[in-house]
Amino acid sequence: MSILSRIRDNIGLVAIIIFIALLAFILTDFVSGVSSIFGGPPSVGSVNGTTISAKEFNDSYTNAMNNYSAQGAVTDELRYQVMDQVWTQLVSQSLYDQEFKKVGLQVSGAEVYDMFTGTNINPIVRQYLMRPDEVFDANEMKRRLEQISNDPELRPQLAELEKFLVQNRGIEQYQKMIQSGYLSSLAMARHQYQDQNTKASIEWMVIPFSSIPDSLVKITDNDLKAYINSHEARFEQKDDEVVLRYVRFPIKPSPGDSTRTLASIEKLRAPFAKTEDDSAFVAGRSRSPFVNDYQPLNTFSELIRDSLRAATAGQVIGPVRDGGYYQMYKLIGTSSLETPAVKINHILISFKGNTPADSAEAKAKAAEVKGKANSGNFATLAVENSDDFASKSNGGELGWTDLAQFGESFEKTVSSASAGSIVGPVLGRGGYHVVQITDKTTTGYKVALAEQEIFFGSETEKSVYRTANQFAAKAQDAGNINDAAATAGMVALESNPLLPNSKTINGLQSARQLILWGVGAEVGAFSEVMSIGETYVVAQVTRRRNAGIRDLEDVRDEVTVRVSNEKKADMILEKLKSISGSDLVSMQKAYGQGANLGNANDITFEMNSVPGLGAEPKVIGRTFGMKQGETSAPIEGNSGVFVVKVTAKTDAPQADEATLANLRDNDRASGRNLFMQRLEPAMEEIGKVKDERYKAGY
């Protein structure tokens with residue numbers, strides 16, 4: 001194959017695959033079934049007032065779909081992932097383009113040429129315009145580029161590749177410029193060294209907020225509103241939210257559907273019985289692969305065990321219904337097994353402790369029960385004595401059982417016993433057992449399985465749809481979906497708070513259509529009957545929360561806890577005013593119930609928490625502002641009020657220049673990496689990004 005042909009085969013991937021790969025937007029699939037973009041709004045959002053057009057978003061979407069549609073079925077999770085990744089990609093591109101203009105950053109033609117033919121050839125160019133084993137030759141690359149430039153079909157794709165390389169090189173240069181702005185010094189390193197190596201040991205007294213009963217704290221709505229007003233940033237809601245109430249109408253197979261499926265699988269009986277290639281026959285007709293071996297009776301469904309034992313080779317058993325399937329089994333043949341299948345009842349006498357005496361006591365009781373047991377009273381003895389609460393109400397019945405699960409000794413003893421006998425005490429899992437062998441066989445069975453799932457038919461779906469429509473009409477007449485649901489003997493479920501770009505509703509899958517309706521509807525509005533998966537849904541908008549400071553009722557519980565702790569802190573501080581001195585033991589006695597003492601050794605300023613106290617940054621900060629032997633004033637912390645005494649303080653040893661230089665270099669590297677992690681989030685935060693994809697139906 002010529003180089004130009006190879007380029008012609010591969011260059012079409014460059015503009016999509018490489019553009020996505022290098023920017024780390026790994027697109028997995030593309031949403032289908034969205035509304036026509038040209039009949040919708042002109043944009044899906046904006047960055048600093050610069051719009052991102054719906055057509056631009058849709059084109060990127062479509063490219064992703066074309067690239068990945070061959071990889072398998074599209075799931076809703078993949079669709080939503082692609083939506084977000086394409087949006088993030090376009091926002092990032094717009095943010096960087098605007099930043100490039102602000103700082104005057106340009107990628108020169110010489111740089112572009114160098115990426116294709118110079119000493120700094122771009123890895124993408126090398127990958128897609130050269131053979132894997134080929135040594136780079138600048139003249140040969142120029143010749144290939146000239147060929148592509150003269151090809152009307154490939155020329156636009158080469159332009160897209162060049163555009164991407166320019167954008168990517170610009171991002172690299174911009175990021176390097178930002179990184180170089182983070183500086184570190186030996187002075188900063190010395191300060192960090194002191195924070196890491198100066199150590200203090202403390203004693204502390206704490207009066208937890210929880211030591212004061214909530215009943216002693218009086219809180220009014222005015223208190224709560226005042227707290228919200230003084231902490232607005234904490235309770236700011238950036239986007240509108242909507243809450244729905246909805247009723248589900250699952251589409252489940254009807255008795256008619258069951259009858260239809262039963263008749264359908266019955267048609268397989270004759271060919272199933274006649275086939276000589278059972279493996280091929282059941283392929284595609286069973287969820288489980290064909291097992292070409294003889295298996296014990298207990299490995300098969302209880303629905304067919306008795307029929308299987310009575311069947312002859314070639315006989316078809318069933319159909320039997322197992323959950324949402326009708327199943328037919330064909331006995332291919334039988335063979336003797338070394339290990340028998342055993343059907344048992346048992347009485348478990350468990351150990352009451354872990355001592356030898358506990359074991360002896362359990363064994364003695366099991367022997368006593370065994371002495372009373374016979375086939376006529378075994379079930380009664382099980383109800384009265386067994387510690388296996390799962391089986392005692394059924395007379396100790398375990399059925400056909402895998403004996404190995406009870407241990408080797410149990411398996412050996414019970415396997416060797418004859419049908420109808422009672423053995424024990426037998427040591428096994430959980431204690432000593434008295435076992436009744438009700439049946440036993442050494443026959444193995446080779447079986448083929450064919451099955452059909454019971455699907456709902458079109459008439460069933462229409463019937464559920466009619467029911468949902470009737471409910472929707474009654475709900476609108478009532479004006480309240482809760483009342484209509486209660487009248488119909490149903491329950492209206494409440495959604496999680498939904499944002500314009502929410503993807504899911506608790507209790508529903510593939511609910512984007514319902515969310516798009518909800519965010520655009522008025523409070524009290526009813527939806528049409530919507531098809532979501534295998535369910536019809538009727539919904540009503542019950543609450544809307546506008547962007548801004550949250551209403552008190554939305555955050556009442558959280559604010560109540562915070563205000564309660566503030567008031568408890570005031571009560572504790574007021575009581576501590578009458579207690580003087582620096583001896584914490586004396587202060588604890590003077591305060592009384594609720595005050596606790598403790599200590600922590602070798603804490604440093606850089607620690608996130610205090611051993612025994614948890615995350616209490618004010619305690620750490622106050623500690624390193626005091627001298628050895630000094631006792632602090634009361635400190636209002638996260639979980640209570642603290643008094644701290646510094647019992648020891650050790651200054652950091654003198655650091656050599658090499659240590660400081662190493663800290664400086666590490667700080668510079670980590671600081672620059674941190675800059676890069678925060679760069680795009682910071683650009684987005686100040687870039688006034690408006691995400692309005694929902695207006696275009698995404």
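Helices (H or I, at least four residues) and strands (E, at least two) are DSSP runs, numbered from the N terminus. The model is predicted, and local features need pLDDT of at least 70, side-chain atom pairs count only at pLDDT 80 or more, and totals for chains, interfaces and linings use all residues. Residues are numbered from 1 along each chain as its sequence is written, and side-chain values use heavy atoms, with hydrogens and water left out.

**View 1. Lys 688, a non-glycine residue with positive phi.** Lys 688 sits in the loop between helix H23 (657-686) and strand E18 (689-691). Its phi is about 50°. Lys 688 counts as exposed, at 63% relative accessibility (buried means under 20% relative accessible area, exposed over 50%, partly exposed in between; 1.4 Å probe, protein chains only). Most residues other than glycine have a negative phi, and most peptide bonds are trans.

**View 2. Asn 48, also not a glycine, with a positive phi.** Phi of Asn 48 is about 55°. The residue belongs to the loop between strand E1 (43-47) and strand E2 (50-53). Asn 48 is partly exposed, with a relative accessible area of 34%.

View 3. One cavity of 30 Å³ or more is found in a search of the whole structure, and the volume of the largest cavity is about 50 Å³. Helix H3 (76-103) and H23 are the elements that give two or more residues to its lining. H3 gives the most, with four residues. By class, the lining has three nonpolar, three polar and two charged residues (Ala, Val, Leu, Ile, Met, Phe, Trp, Tyr, Cys and Pro count as nonpolar, Asp, Glu, Lys and Arg as charged, and the others, Gly among them, as polar). On a 1 Å grid over the protein atoms alone, a cavity is a set of points where a 1.4 Å probe fits but cannot get out, and lining residues have an atom within 4 Å of a point. Grid points are joined across faces, edges and corners, and a volume is the space filled by probe spheres set on the points.

**View 4. The cis peptide bond from Gly 318 to Pro 319.** Omega is near 5°. Pro 319 lies in strand E6 (residues 316-322).

**View 5. The cis peptide bond that joins Gly 424 and Pro 425.** Omega is about -5°. Strand E9 (residues 422-428) contains Pro 425.

Conventions. On a 1 Å grid over the protein atoms alone, a cavity is a set of points where a 1.4 Å probe fits but cannot get out, and a pocket is an open set with protein on both sides within 12 Å along at least five of seven lines; lining residues have an atom within 4 Å of a point.
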